Amino acid sequence: MPRLVRVFEPTWQDRSFRKALEKLNPREREERASQVAALVKVLQVCSHPVTDPRLQPWRPSSYRGVIQVKGGSLVEYRFPGVMRVIACCFDGSAEALYQGLVLLLTITLDHDHERMKKLIRQSSADIVSKGQAFLEEGSDEVPEPP
Amino acid sequence: MKATVRQPGFGPKLEAVLARLCEKLGSLYKTQAVKLPYLVDVVAARQLGRRITDATFEAWKQGVVAREAWVGVTYPREGCFKIEQPEYDEGWTVRLAGKPAVRLTSEELAIVDFVADQYGAMTAQDLGSLTKSLNPDIPREKWGSNTQPSIDEDAYARLSEGWQDLWRELPFLDLTDQSQWSDPIEDPDEYFRAAFRA
């Protein structure tokens, strides 16, 4: 019997997902889509959404106490880099209706990694151009200790 | 009781990080002084492949704290900071009053500046919550136990807007509300191709 995988609409493809998606070119989008599809195909047939060895490529971690739903736990699936899929997985102690369900909550894509790198490079260059003096002498704005 | 005292007590790199944060933000309130260095190291570990500070980070009740920063601010001695200590804890203010013993490289300065720009305006409560959100593996009851938090790629990944938005919303979501569920995904290839085209 295949495991049901659904998405939770209020958080799925939310604003941050759409913002991150806009930054990807068509090839990157296709690549990410097939990466997530590969995970979901395994989730549909796995014996357990965390411990099934077939899920090891995504190094799932389950966090207890984060979700206040009986039998539900937050699970993080890791992809290369900083992409993550976050799901709520319901185990045998959940109500019968939810047992075994994997409810996908969100995908975090690039996390502005490129933007962060760019900012840091830029800022680093600015600091250098503002003068070696700061690095060597310290800021003029700082008063000398008595 | 108000007192103005001078102090070190931090490791040299932590002191330099705090000094730069003071320069960028004007002054630091106590929560910023003990929490922002953690964010600096999370970003640095990913961007530079190493941490900047030599601080000991611990999971305290209100989030991740750099132990040496807390000690340095709470029990100030001589050093490059001036610390104002009004009676209430959160009113403690750290100001720069000299030069740190070591200097940060331009790359390190850029990371500290980035953290100051991104997280320097957050309230004490939001900063605490942010540091907790980077460590979902620490159960609620373990906050306050001095457990060591993550400074790895996972912590960095959780700084993403998507994770932060979800973390904020989670307590208010009813995940068992079936009217909010999609139909079961039948063909993942087709489903995600469409999702990523949207």
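Predicted model: local features only at pLDDT ≥ 70, side-chain atom pairs only at ≥ 80, totals over all residues.
Let's start with chain A. Its tally is 4 helices and 5 strands. Reading from the N terminus, the elements go β-α-α-β-β-β-β-α-α. Chain A has 146 residues, and 32% of them count as buried. If you look at the contacts in chain A with a separation of 6 or more, 46% come from residues 24 or more positions apart.

Now for the place where the two chains meet. Chain A puts 57 residues into the contact, and chain B puts in 46. On the chain B side, helix 4 (106-119), helix 6 (153-157), helix 7 and helix 8 (188-197) each supply at least two of the residues that touch chain A. Sorted by class, that side of chain B has 24 nonpolar, 8 polar and 14 charged residues.

Helix 1 of chain A (residues 15-22) packs with helix 7 of chain B (residues 161-169), with the axes 8 Å apart and an angle of about 175° between them. Angles over 145 degrees count as roughly antiparallel, so that is the label for helix 1 of chain A and helix 7 of chain B. From helix 1 of chain A, the contact uses A:Ser16, A:Phe17 and A:Ala20, while helix 7 of chain B brings B:Glu161, B:Gly162 and B:Asp165. By class, the residues of this helix contact split into 2 nonpolar, 2 polar and 2 charged.

Here are the class counts for the two sets of residues:

Next, a look within chain B. Strand 3 (residues 57-60) and strand 4 (residues 63-66) of chain B pair in the antiparallel sense, over 4 bridges. The link between strand 3 and strand 4 of chain B is a hairpin of 2 residues. To pick out one bridge, B:Ala59 has B:Val64 in strand 4 of chain B as its partner.

Finally, find B:Lys82, which sits in strand 5 of chain B (residues 81-84). Is B:Lys82 buried or exposed? B:Lys82 counts as buried because it has 20 C-beta neighbours inside 10 Å, and 20 or more is what the buried class asks for. B:Val94 is 12 residues away from B:Lys82 along the chain, yet their C-alpha atoms are separated by 5.9 Å.

Notes. Residues numbered from 1 in each chain as written. Chains lettered and ligands numbered in written order. Axes fitted to C-alpha atoms, helices over the stretch in contact; angles between N-to-C directions. Parallel < 35°, antiparallel > 145°, perpendicular 65-115°, else oblique. Contact = placed C-beta atoms within 7 Å. Nonpolar A, V, L, I, M, F, W, Y, C, P; charged D, E, K, R; others polar. Buried ≥ 20, exposed ≤ 12 C-beta atoms within 10 Å, placed from the backbone. Pairing = 2+ DSSP bridges.
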